[in-house]
Amino acid sequence: MKKLSKLGSRLAGLAISLALVGCANVVRVAPHTELKVVDPIWTTAYVTRNHGYLVYDTLFALDENFEPQPQMVDRWTVSDDKKTWVFHLRDGLKWHDGSDVTADDCVASLQRWAKRDGVGQQLFRDLESLAATDGKTLTLQFKVPNTILLEALAKMSANVPFMMPKRVAETDPYKPIEDATGSGPFIFQKSASEAGRKTVYVRNAAYVPRAEPQSLAAGGKVAKADRIEWIYYPDQNAALAALVDRKVDYVESPTAKAVVPLEGRQDIVIASTDPLGNVAMVRFNTELPPFDKPAVRLAVLQAMQQEDYMTAALGDARYWRVCHSVFPCGTPLANEAAVDRLKASGPDEAKKLLAAAGYDGTPVVILNPVDSPVISALTKVTAEKLRQLGMVVQIQDMSWAALTERRANRAPVAQGGWNMFHTWWLAADVMDPMSIVFSGDPQNGWYGWPNDPVLESLRAAYAHASNAAEKKQVAMKVQSRIAETGVIGILGQFFEPVAYSSKVLGITTPIQFYWNMSIDQ
């Protein structure tokens, strides 16, 4: 009987899948990379974050005014001293397997998230207790007044505090989950997905959206399409060709150079959806030679002029700007502290500093994602610069999805370790010192694992600052500290376009929430 029951369930699922394939409202997306990891807590990869927004929900979310609004929460109270916060879940919350969402699930989810996220780590340092006081109520008790809790719970990008079933959330946060059961507007259909080619999501008919209109990440998450397919192309030019041939409806990360021939077409829209743009950076592994020495890191950074990187990666000056601030230009904490250190002086000075640092010829292994045109271009510029300085360079090619797994390897190079990789962040993700990229905690920080108690104390001071002026002063000290240690290098601020069919509805900014997307019939 059990076998027949399982067979019936599979046939029912197959019937739903076949019905959805035949329906008109199917959105096909060419993402910037393949989805290999389904755990948005284990990784900061944006493809996994986007997956998370389809299948999971959050306790709070930011609206278009960047104010936190309740999402899974119905109502909440806070004590006068800002130490006790009580949240009550709204009715109708169900996991994709049909079971009820409980406060215990949310407690476990927050505990796991806080071990990996920069904001969460600081939040939990000040936390005295977190408990489910009944099936739909959770209470957070802080040691000191807390004024950033709602903003933390509404964090819009990596790592987003997505809620998961307790059985999933109890997974070791340093091991990726494989069970993508959520409570969000779409269900990840693993059986219909194909590794290396396609990821499939189907609308969750049991999802009850909030009554409020959608506003950025907040409000009613109304699933507009019946089915969403992410179709992976290892080459972005191939993805654009698929858009022209109407095989896909949206291309997430086309190269700025490649979209030029498509500008002016009536059937295709080329747009920049994020006014703040992205921050390109290089990340060093501070645990392995040669970049375990701050002097070596600081030496090579003096050769990394932003203009060279942005010209190589973006070309058209409409799509990039130079920014000698650790915090993105155009955001409140952008500043000029230690700007003389952050602005590269050129290869001659870099050679002198590298010689003084005692570089001994240790090979530099750079991880290079060949399916990311922007990052791959950054890699080539760095490799050329390091070779000009007399360094031995080994480029190891892979997909971005493979890189996001490989960068977690803390072993020596001979055992799969690495020395450098390039990446970019949404400017909104690195606007303040609480971002995980600025962590100085070698155990719980970001890949590269700098051990910097001074930096950690500054980040704690930022979290406890009482006003904007105080926060700005701390941010300047954080910037000066990063300039002193050279754990990251800022390579420019850029505004990558997206390309999509003129029939696509529901374009959002700065993140594309695919649950909001549909095709105009």
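**A walk through the predicted chain**

In helix α2, the buried residues are Tyr46, Val47, Thr48, Arg49, Asn50, His51, Gly52, Tyr53, Leu54 and Val55. Buried means under 20% relative accessible area, exposed means over 50%, and partly exposed lies in between, with a 1.4 Å probe and protein chains only. Helices (H or I, at least four residues) and strands (E, at least two) are DSSP runs, numbered from the N terminus.

Residues are numbered from 1 along each chain as its sequence is written, and side-chain values use heavy atoms, leaving out hydrogens and water.

How confident is the prediction? The pLDDT, the predictor's confidence in each residue from 0 to 100, averages 93 over the protein chain. A score of at least 70 is reached by 95% of the residues. Over residues 1-21, the pLDDT is below 50. Beyond near neighbours in sequence, this stretch has 9 contacts in the model. A contact means heavy atoms within 4.5 Å. Where pLDDT is low, the predicted coordinates should not be read in detail.

Now the whole chain. The protein chain has 15 helices and 21 strands. Its C-alpha atoms fill a box of roughly 75 × 60 × 45 Å, taken along the principal axes. A compact globule of 521 residues would have a radius of gyration near 24 Å, and the 23 Å of this chain agrees. That radius is taken over C-alpha atoms, and the globule rule is 2.2 Å times the number of residues to the power 0.38. Of the 521 residues, 59% count as buried. Among contacts with a separation of 6 or more, 73% join residues 24 or more positions apart.

Next comes the core. A nonpolar core is a set of buried Ala, Val, Leu, Ile, Met, Phe, Trp, Tyr and Cys residues joined through side-chain atoms within 4.5 Å. The largest one here has 158 residues. Those with the most contacts inside it are Leu59, Phe87, Leu138 and Met391. In soluble globular proteins, nonpolar side chains tend to be buried together.

Follow Met391. Leaving aside neighbours within four places in sequence, Met391 is in contact with Pro290, Phe291, Val296, Val300, Leu354, Tyr359, Val364 and Leu386. Leu386 is one of the buried residues of helix α12. Others buried in α12 include Val374, Ile375, Leu378 and Val381. Helix α12 covers residues 373-388, 16 residues in total. It reaches 23 Å from its first C-alpha to its last, close to the 22 Å expected. The expected span is 1.5 Å times one less than the number of residues. After α12 comes Gly390, whose phi is positive, near 95°.

Ser372 counts as buried because its relative accessibility is 12%. The C-alpha atoms of Ser372 and His32 are separated by 7.0 Å, though these residues are 340 apart along the chain.

Thr404 lies in helix α13 (residues 400-406). Its relative accessible area is 5%, so Thr404 is buried. The side chain of Thr404 reaches the backbone oxygen of Ala401 at 2.7 Å. Not counting residues up to four places away in sequence, Thr404 touches Trp42, Thr43 and Ala45.

A few backbone details remain. Most residues other than glycine have a negative phi, and most peptide bonds are trans. Arg246 has a positive phi, near 65°, and sits in the loop between α7 (236-244) and β11 (250-251). At 71% relative accessibility, Arg246 counts as exposed. Ala338 also has a positive phi, near 55°. Its loop runs between β14 (320-321) and α10 (339-342). Ala338 is buried, at 19% relative accessible area.

Which peptide bond ending at Asn159 is cis? The bond from Ala158 to Asn159 is cis, with omega near -10°. Asn159 is in the loop between α5 (149-153) and α6 (166-169). A cis bond also joins Thr509 and Pro510, with omega about 0°. Pro510 has its place in the loop between β20 (504-505) and β21 (518-519).

Definitions and conventions: This is a predicted model: local features need pLDDT of at least 70, side-chain atom pairs count only at pLDDT 80 or more; totals for chains, interfaces and linings use all residues. A polar contact is a pair of N or O atoms within 3.5 Å; within protein, one must be able to donate a hydrogen and the other to accept it, and residues adjacent in sequence count only if both atoms are side-chain atoms.
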